[in-house]
Amino acid sequence: MKMKRLMILILLVAGCYNVNAQADSIRVWNKWCSKKDTLLLFNTGNNLIQIYSPTIKAADLKVKSLDASLRVANPEIKGDTLTVIAMPFPAKGKRMRLAVQNKKTSKTLKTVSFDSDDLQPLQARVGTIQGTEAARKDILMQQTLKLAFAKSLYCYPYSIKEYTFKISSDKGAATIHVNGIFLTKDILQQIKDAPAGTVMEFVDIKVTCPECATRTLEPLKLKIR
């Protein structure tokens with residue numbers, strides 16, 4: 001009798017270990033969050049939840065939203081990863097839980113909880129420079145215009161198609177149109193020659209992304225110290 005109880009206990013412990021091992025082997029993240037260990041969804045943004053396990057095939061998994069504040073589309077399999085488009089609705093509740101389940105048995109293998117974050121407008125920057133003014137030497141070290149959502153981990157791949165550079169000072173004025181993201185030699189020369197205190201502008205900044213139409217950003221102004 002004692003041996004029978006011991007065997008039952010061993011089986012229960014082994015079962016619990018197996019469930020925990022399966023849960024630990026399942027990795028869940030938002031592709032468009034720059035920190036993959038942060039479970040974050042972006043309001044009004046694109047969210048692509050990806051699920052991978054080194055021990056369970058993607059075809060053997062499915063997902064289920066556990067809260068009205070989280071909606072998910074039908075999942076797709078890309079390689080060894082299960083992907084699903086997600087949309088947060090934080091007004092419907094603070095909890096946004098997603099269950100990863102066994103496709104055949106509907107048994108929940110892992111449950112994760114997402115937070116949501118509002119997006120600030122997309123902004124252009126001169127390289128890594130932040131703020132409205134910078135030292136001339138720091139500006140001249142930059143090579144491209146870059147894009148960022150202020151104070152956000154959102155990293156959806158927007159790209160700059162074209163822009164126009166404008167500068168005016170006592171030494172003269174220039175308007176230079178550029179296709180692409182690079183600061184051209186002509187632009188860098190204008191920055192090098194401009195007196196300290198000159199404000200340069202980047203206007204008509206056209207950006208696009210894989211699933212959106214081209215749009216124009218607000219002008220970027222940067223003062224040369």
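Thr 83 is buried, with a relative accessible area of 4%; buried means under 20% relative accessible area, exposed over 50%, and partly exposed in between, for a 1.4 Å probe and protein chains only. This residue is found in strand 7, residues 81-88. Strands are DSSP runs of E with at least two residues, helices are runs of H or I with at least four, and both are numbered from the N terminus. When neighbours within four places in sequence are left aside, Thr 83 is in contact with Leu 48, Ile 49, Gln 50, Pro 75, Glu 76 and Lys 78, where contact means heavy atoms within 4.5 Å.

## Basis of the model

This is a predicted model, in which local features need pLDDT of at least 70 and side-chain atom pairs count only at pLDDT 80 or more, while totals for chains, interfaces and linings use all residues. Residues are numbered from 1 along each chain as its sequence is written, and side-chain values use heavy atoms, with hydrogens and water left out.

## Lys 64

Lys 64 belongs to strand 4, residues 61-65, and is partly exposed at a relative accessible area of 45%. Its contacts, apart from neighbours within four places in sequence, are Arg 97, Leu 98, Ala 99 and Gln 101. The C-alpha atoms of Lys 64 and Ala 99 are separated by 5.1 Å, although the two residues are 35 residues apart along the chain.

## Nonpolar cores

A nonpolar core is a set of buried Ala, Val, Leu, Ile, Met, Phe, Trp, Tyr and Cys residues joined through side-chain atoms within 4.5 Å. The largest one has 36 residues, and those with the most contacts inside it are Ile 139, Tyr 163, Phe 165, Phe 202 and Ile 205. Elements giving two or more residues to this core include strand 13 (159-169), strand 14 (172-179) and helix 3 (185-193). Strand 15 provides the largest share, five residues.

Another core, of 19 residues, lies apart from it, with Val 28, Ile 56, Leu 82 and Val 100 among its members.

## Cysteines

A disulfide is a pair of cysteine sulfur atoms within 2.5 Å, and by this rule the count comes to one. It joins Cys 209 to Cys 212, with an S to S distance of 1.9 Å. Cys 209 is buried at 10% relative accessibility, whereas Cys 212 is partly exposed at 28%.

Cys 33 is in no disulfide. The sulfur of Cys 155 is 6.7 Å from that of Cys 33, its closest cysteine sulfur, and is therefore too far away for a bond. Cys 33 is buried at 0% relative accessibility, while Cys 155 is partly exposed at 31%.
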